[in-house]
Amino acid sequence: MKTSAYHCIAALGCLLLQVAGSLSANAQQGPPVSLPANITAIQAITPQGNLPGRAIPYYLRSGEGERYLVAGFVACLMARGIDTDNLYEWTVLTGGKGALLPLHTHAQTHEVIFVLDGEIDLWLSGQHYRMIKGDFASIPPGTTHAFRMQSHHTQLMSMNSGHQMTALYKTIGKPYVGYVQPSDEILALDAAALKQAEKAADVHFDGQPLPEGNAQRVVNAQLPKSVVPYVLAAGEGDHYTIADQLFGILCDNATTNGKLLVVTCEGPVGPMIGKHFHMKHSETFFCLDGQMRMVSNQVVLEVYPGDMVTLPAGTIHAYQHLKPYTHHIGLLTPGIFELFFRSQAPTKQHVYPQQPTGGLNASRFAELDIVPLERPGPPPAGRQ
């Protein structure tokens, strides 16, 4: 990375520090002494690589989590309500051609889907879409939807508000030690289990067959301005640049009624951003491509595609891109931090900047939930 790029990022860190009104005199030595007890307790925790069963920082390697076999696909629970203080749940579904979840609705849960690999057909509020890697869908409460996997190795992420959806997979599936389905055979879902799931989770199956016909490729590029069902083609959304990184907003407060803020980030190799934490919102990172280095309290992690790092409010964290093209997706809830991205430089481009853009818009930082802890150091040795 060029020195000019580094200087741009260094300037960003300095701007962040200007809004931290209660930092200690030596910012390198840690957070202010007047933090609430719950924040200091979180910062004292050393994250572990397993589901914690309480809302503390943790990380999971690709494929790890609580797994259930559901008639042709594996549901890997990577964040349950018990792990997130009931803010959200995160499940990765891996399956074969023909695996499906029939038409259903959620009364309270807002679900979003991101395709990681392969192809799926999505029935969404009367529309029939063919989704490929990188496509995204937003499914508000009360929206009828279903999916069927259309390739021999299909993988998608389902992120849900609240805490009422992991019970679905526990009820209609069976605990499973494998990482992929045992064969190409697609078994029928048990009707009695579907009925039981309606009692255990926020789900209602309408019992209607999936409408057949030609699926339309996802081509939409624009976020709506209200809570309605929608899809986005891979790489689309609202884009903003900061230094040499490109951020894409896939859903926001307006489209999820403040429940979910999902943002992608892509960029080249670069320095570690400054350590910081948030007082009121959580952040979860999932690596899609490349390689990252992440700080989570006392732990420094090498993060690869499929790995997830969960950071509840108060967790000290930072990240660094380690490969020429690194791409990750983040879930932030509640969506306090949306303004951080919206106040940056909007762009219509779909690649990260080859020449770093300007610094942060600091004029509205007082509204953001961020506490920076350190100034950037000198440029890394050997960079030009």
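In this predicted model, strand β2, which covers residues 66–70, runs antiparallel to β3 and is joined to it by five bridges. One of the pairings that can be picked out by name is that of tyrosine 68, whose bridge partner in β3 is alanine 75. The two strands form a hairpin with two residues between them, and in this hairpin alanine 71 takes a positive phi near 45°.

Strand β3 itself, made up of residues 73–79, also pairs with strand β4 (residues 88–95), again in the antiparallel sense, and this pairing runs over six bridges. Here alanine 79 has tryptophan 90 as its bridge partner in β4. Is strand β3 enclosed by the rest of the structure, or is it open? Seven of its seven residues are buried, and therefore the strand is largely enclosed by the rest of the structure.

Strands of a sheet pair through backbone hydrogen bonds, and the pairing can be either parallel or antiparallel. Further along the order, strand β6 (residues 111–117) and strand β9 (residues 136–139) pair in the antiparallel sense over four bridges, and within this pair valine 112 has serine 138 in β9 as its bridge partner.

We can now turn to one residue and ask what surrounds it. Histidine 145 is placed in strand β10, which covers residues 145–149. Histidine 145 counts as buried because its relative accessibility is 3%, while the cut-off for buried is under 20%. When residues up to four places away in sequence are not counted, histidine 145 touches several others, among them Pro102, His104, His106, Trp123 and Ile139.

Glu111 is also one of the residues that histidine 145 touches, and the side chains of histidine 145 and glutamate 111 are joined by a polar contact of 3.1 Å. A polar atom of the histidine 145 side chain also lies 2.9 Å from the backbone oxygen of threonine 143. Finally, the chain brings together residues that are separated in sequence, as histidine 145 and leucine 122 show: they are 23 residues apart in sequence, and their C-alpha atoms are 7.1 Å apart in space.

Note on methods: Residues are numbered from 1 along each chain as its sequence is written. This is a predicted model: local features need pLDDT of at least 70, side-chain atom pairs count only at pLDDT 80 or more; totals for chains, interfaces and linings use all residues. Side-chain values use heavy atoms; hydrogens and water are left out. Buried means under 20% relative accessible area, exposed over 50%, partly exposed in between (1.4 Å probe, protein chains only). Contact means heavy atoms within 4.5 Å. A polar contact is a pair of N or O atoms within 3.5 Å; within protein, one must be able to donate a hydrogen and the other to accept it, and residues adjacent in sequence count only if both atoms are side-chain atoms. Two strands pair if DSSP finds at least two bridges between them.
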